[in-house]
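Visitor: I am new to this structure. Please show me how to read its features one by one.

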Amino acid sequence: MVRRHGGPDPKEAALAEARCLNPHPEQVTDAEFLAGDFFDARDAVQVKYEMVRKVKAAGAPVTEAAAAFGYSRPAYYAAAAALEASGLEGLVPARPGPRGAHKAQLAGPIEQAFGVRAHPRSIERALARHRERHSKSR
């Protein structure tokens, strides 16, 4: 994230904060994409959009378009489906990590029912052991 002038690049920092920074901009080799100053290979959303557009509008083969934009065929199909379902917002990578504290929700009912406090991690381990035992018996 360092510019040639010595300071951090504000666009790169903004893309990283928005989870839109392409981790491998050097893999983008599409000549039309790289020809002008408008397109930025560091912008993953823009790269994915142009990859899908190249196939849909220009009729390019999926394999060639995916390779030219630094992605695989499955990544192309995932991007095309996300774009179709949610528009440009669908091309922004989802936040990493769990979607909620679902196991922590069990701690309260366990304390109310049995009068003992259980740490959420203890609940996770107990559930994992339970699943492991029962998956082997089938």
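Guide: Helices here are DSSP runs of H or I with at least four residues, strands are runs of E with at least two, and both are numbered from the N terminus. This is a predicted model, in which local features need pLDDT of at least 70, side-chain atom pairs count only at pLDDT 80 or more, and totals for chains, interfaces and linings use all residues. Residues are numbered from 1 along each chain as its sequence is written, and side-chain values use heavy atoms, leaving out hydrogens and water.

Visitor: Where does Arg19 lie?

Guide: Arg19 sits in the loop between helix H1 (10-17) and H2. Its positive phi occurs in a residue other than glycine. Arg19 is partly exposed, at 28% relative accessibility. On this scale, buried means under 20% relative accessible area, exposed means over 50%, and partly exposed falls in between (1.4 Å probe, protein chains only).

Visitor: What happens at the start of H1?

Guide: There, a side-chain oxygen of Asp9 comes to within 3.1 Å of the backbone nitrogen of Lys11.

Visitor: How many helices and strands does the protein have?

Guide: The count is 7 helices and 0 strands. Read from the N terminus, the order is α-α-α-α-α-α-α. The protein has 138 residues, and 25% of them are buried.

Visitor: How do I read a nonpolar core?

Guide: In soluble globular proteins, nonpolar side chains tend to be buried together. A nonpolar core is a set of buried Ala, Val, Leu, Ile, Met, Phe, Trp, Tyr and Cys residues joined through side-chain atoms within 4.5 Å. The largest one here has 21 residues, and Val28, Phe33, Met51, Val52, Phe69 and Tyr76 touch the most other members. Helix H3 (44-56), helix H4 (62-68) and helix H5 (73-86) each supply at least two residues of this core. H3 gives the most, with 5 residues.

Visitor: Which residues does Phe69 touch?

Guide: Set aside residues up to four places away in sequence. Phe69 then touches Gln27, Val28, Asp30, Phe33, Val47, Glu50, Met51 and Lys54. Contact means heavy atoms within 4.5 Å.

Visitor: How do I read an aromatic pair?

Guide: A pair of aromatic rings is described by the distance of the centres and the angle of the planes. Rings of Phe, Tyr and Trp (its six-membered ring) pair if their centres lie within 6.5 Å; planes under 30 degrees apart count as stacked, over 60 as edge-to-face and the rest as tilted. This structure holds 4 aromatic pairs. In one of them, the ring centres of Phe33 and Phe69 are 5.6 Å apart and the planes are at 80 degrees, so the pair is edge-to-face.

Visitor: Why does the pair of Phe33 and Phe69 tie together separate parts of the sequence?

Guide: Phe33 belongs to helix H2 (residues 31-35) and Phe69 to the loop between H4 and H5, so the pair links parts that are 36 residues apart in sequence. Phe33 is buried, with a relative accessible area of 2%. Phe69 is buried too, with a relative accessible area of 2%. Another pair joins Tyr76 and Tyr77: it is edge-to-face, with 5.2 Å centre to centre and 75 degrees between the planes. Tyr76 is buried at 3% relative accessibility, whereas Tyr77 is partly exposed at 45%.

Visitor: Which residues form an aromatic cluster?

Guide: Phe33, Phe38, Phe39 and Phe69 form one.

Visitor: Is Glu50 buried or exposed?

Guide: Glu50 is buried, at 10% relative accessibility. This residue is in helix H3. Beyond its neighbours within four places in sequence, Glu50 is in contact with Phe33, Phe39 and Phe69. Its side chain also makes a polar contact with the side chain of Arg53 (2.8 Å). A polar contact is a pair of N or O atoms within 3.5 Å; within protein, one must be able to donate a hydrogen and the other to accept it, and residues adjacent in sequence count only if both atoms are side-chain atoms.

Visitor: How do I read two packed helices?

Guide: Two packed helices are described by the angle between their axes and the distance between the axes. The axes of H3 and H5 come within 10 Å and cross at roughly 90 degrees. H3 and H5 are therefore roughly perpendicular. Among the residues making the contact are Met51 and Val52 of H3, and Tyr76 and Leu83 of H5.

Notes: Axes fitted to C-alpha atoms, helices over the stretch in contact; angles between N-to-C directions. Parallel < 35°, antiparallel > 145°, perpendicular 65-115°, else oblique.
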